[in-house]
Amino acid sequence: MKKDDFFQKMEEFKIALTFDDVRLKSGYSEIMPDQVDLQSKFSKNVHLKIPIVSAAMDTVTEHKMGIAMALLGGLGVIHKNMSPREQASKVAKVKYYLNGLIDKPICVNQKQTITEILEMREKKEYSFSTFPVINDKNQLVGILSQNDFEFCRDNSAQAKEIMSKKVVIASEGTRLEKAYEIMAKNKKKTLPLVNKNKEVVGMYVFKDVQRIMMNNPAEYNTDDNGQLIAAAAIGVNDFERLELLIQEKVNVVVIDTAHADTKLVIENLKEIKKNYNIDVVVGNVSEPESAERLAKAGADGIKVGQGPGSICTTRIIAGIGSPQVSAIYRCSQVADKYGIPVCADGGLRYSGDIPIAIGAGAFSVMMGGMLSGTKEAPGDIIFRDGRQWKSYRGMGSIGALKEHKGSRERYNQLPLSKKELIAEGVEGLKLYKGRLNEVIFQYVNGLKRGMGYVGCSNIEELRQKADFIRISGSGKTESHPHDVLITREPPNYSIDG
Ligand code: IMP
């Protein structure tokens, strides 16, 4: 590959580069930006429709960001500065947002009276009125729907007396598209899924399925059940959290540490891979030998980035780390051998940094600062100096370390008292950017334009074809607007990044 020569030459002189040091060479192209395919993956089995992932930070990703990112084709990693239960409930909010498959439908027993069922419905504040009816062996025997309740004259009747016994069912594992077909053909508003013992293991509701089918689901990042893809951060040996997340059907967990190339993380990774059926992305690392150890221990994805983050002081406080573009290239070289995708985490400032990260070898980019000022990020808008802002802070900032065990764990400071905390991040403000979809629109189109210039129709082609050139300080000055007083900033460019 063309870029190998470039990076190997740099390595010969022990030079490591980052985004502002390089640009991609443009080349012959038959590709129009709107023809490119941005599909990629975050881990071995978790796909992305756009290669952008929001960071597991308490000022970036909770359920609102997770939902919005997945609706736009990306992915949000829900942070872990909260109790396992709270985090799992946020994952559930993402998973059930589209309600494609209800995997634990509320059933009623055939002997319950209509009064009892209506009371339960009111007490639990259920907004739906379709209930599969089961016998004492938990087997499906009928279904109660809105009509049955409306036309029932005697509410002391048992469910079995008024339920509809002719139920169209489908087998466990039926996919959304097939369910839509069955319901449309049979004119049924619900479709219970049953296992071999006739127990109800799921249910589709026509109006939800139809909404998913009609609402251009091609853009949504969904799983085989039509649910949005969700990701969550976990700590080391964080098994209670892991199990609650798996119960809520999280698609991928991220072992989230500042330094993943440690005995503890590697042993923990092996244990999770041995005992649980879940994709595990591990990070962060910045050296190829570290990536190799994680790959050998069973990682399904590797997160690269030690010190590039916009709120990060690790390189200054601890003196370690590698400029990000070289780190991405060197780790990807190893990860590719094992068929494991690399996610380039941190340090991106403009949309043009996305094709650079991918060109260097990443399958996706993780953003904190570039998504933090959006409406969907946690936190309120702050008014200051006549402008609107939102808080953005490092997970290793004093505030985050003081407030949350999750942060102290990420920075390996659990045994320290709160007075002795060593920060590796800062706390700050980002200009309020409005809704996420407008921001992502700009990033995605910046990436597409980059791919058009290089002449690549998909992400893999960009990874293979990208060729780099090193730019000087004056080259960088020339790249930005210069010798002009900017009177109007476009939505995709600001001096502040
Ligand atoms: P950004 O996109 O450049 O703002 O970087 C975000 C990334 O920085 C996150 O995904 C983390 O990997 C990393 N990070 C978050 N908090 C801290 C911190 O306090 N110190 C160092 N790195 C951090």
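**View 1. Strand β14 and its neighbours.** Two strands count as paired if DSSP finds at least two bridges between them. Welcome to this predicted model, where β13 (residues 231-234) and β14 are joined by four bridges and run parallel. One place to look is alanine 232, whose bridge partner in β14 is valine 253. On to the next pairing: β14 is joined to β15 (residues 279-285) by five bridges, and these two strands also run parallel. Here isoleucine 255 has valine 282 of β15 as its bridge partner.

**View 2. Two crossovers that involve β14.** Follow the chain from strand to helix to strand. A right-handed β-α-β unit is made by β13, helix α9 (residues 239-247) and β14. From β14 the chain then crosses through helix α10 (residues 263-275) to β15, and this β-α-β crossover is right-handed.

**View 3. The side chains of β14.** Which way do the residues of this strand point? Val252, Val254 and Asp256 point one way, while Val253 and Ile255 point the other way, and all are buried. In a regular strand, side chains alternate between the two faces of the sheet. Because five of the five residues of β14 (residues 252-256) are buried, the strand is largely enclosed by the rest of the structure.

**View 4. An open sheet of four strands.** Reading across this sheet, the order is β6-β12-β11-β10, and the pairing is mixed. At the edges are β6 (101-102) and β10 (170-171), each of which pairs on one side only. Two bridges link β10 and β11 (residues 190-194) in the parallel sense. To find your bearings, look for alanine 170, whose bridge partner in β11 is leucine 193.

**View 5. Helix α1 and its buried face.** Lys3, Asp4, Phe6, Phe7 and Met10 are the buried residues of helix α1 (residues 2-12). Seen down the axis of α1, these residues fall within an arc of 165°, so they line one face of the helix. Lys2 and Glu12, on the other side of α1, are exposed.

View 6. Side chains of opposite charge can pair when their charged atoms come close. The structure holds 23 salt bridges. In one of them, between aspartate 20 and arginine 349, the closest N and O atoms are 2.9 Å apart. This pair links distant parts of the chain, 329 residues apart: aspartate 20 is in the loop between α1 and β1 (22-24), and arginine 349 in the loop between β17 (342-345) and α14 (353-359). Aspartate 20 counts as partly exposed at 22% relative accessibility, and arginine 349 counts as partly exposed at 36%.

Another salt bridge joins aspartate 223 and lysine 95, with the closest N and O atoms 2.9 Å apart. These partners are 128 residues apart, with aspartate 223 in the loop between α8 (206-214) and β13, and lysine 95 in helix α3 (residues 84-95). Are they buried or exposed? Aspartate 223 counts as buried at 17% relative accessibility, and lysine 95 is buried at 0%.

View 7. Glutamate 181 and lysine 178 form a salt bridge, their closest N and O atoms being 3.5 Å apart. Because they are three residues apart in helix α7 (residues 176-186), about one helical turn separates them.

**View 8. A nonpolar patch on the surface.** Ile316, Ile317 and Ile422 make a nonpolar surface patch of about 330 Å². Isoleucine 316 lies in helix α12 (residues 314-318) and counts as exposed at 71% relative accessibility.

Technical notes:
Residues are numbered from 1 along each chain as its sequence is written. This is a predicted model: local features need pLDDT of at least 70, side-chain atom pairs count only at pLDDT 80 or more; totals for chains, interfaces and linings use all residues. Side-chain values use heavy atoms; hydrogens and water are left out. Buried means under 20% relative accessible area, exposed over 50%, partly exposed in between (1.4 Å probe, protein chains only). A crossover is right-handed if, with the strands pointing away from the viewer, the path from the first strand over the helix to the second runs clockwise. Patches are made of residues with over 30% relative accessible area and no salt bridge: like charges are joined within 9 Å, nonpolar side chains (Val, Leu, Ile, Met, Phe, Trp, Tyr) within 5 Å. Accessible areas come from the Shrake-Rupley method with a 1.4 Å probe; for residues, only the protein chains shown count as cover. A salt bridge is a side-chain nitrogen of Lys or Arg within 4 Å of a carboxyl oxygen of Asp or Glu. The arc is that of the directions from the helix axis to the C-beta atoms.
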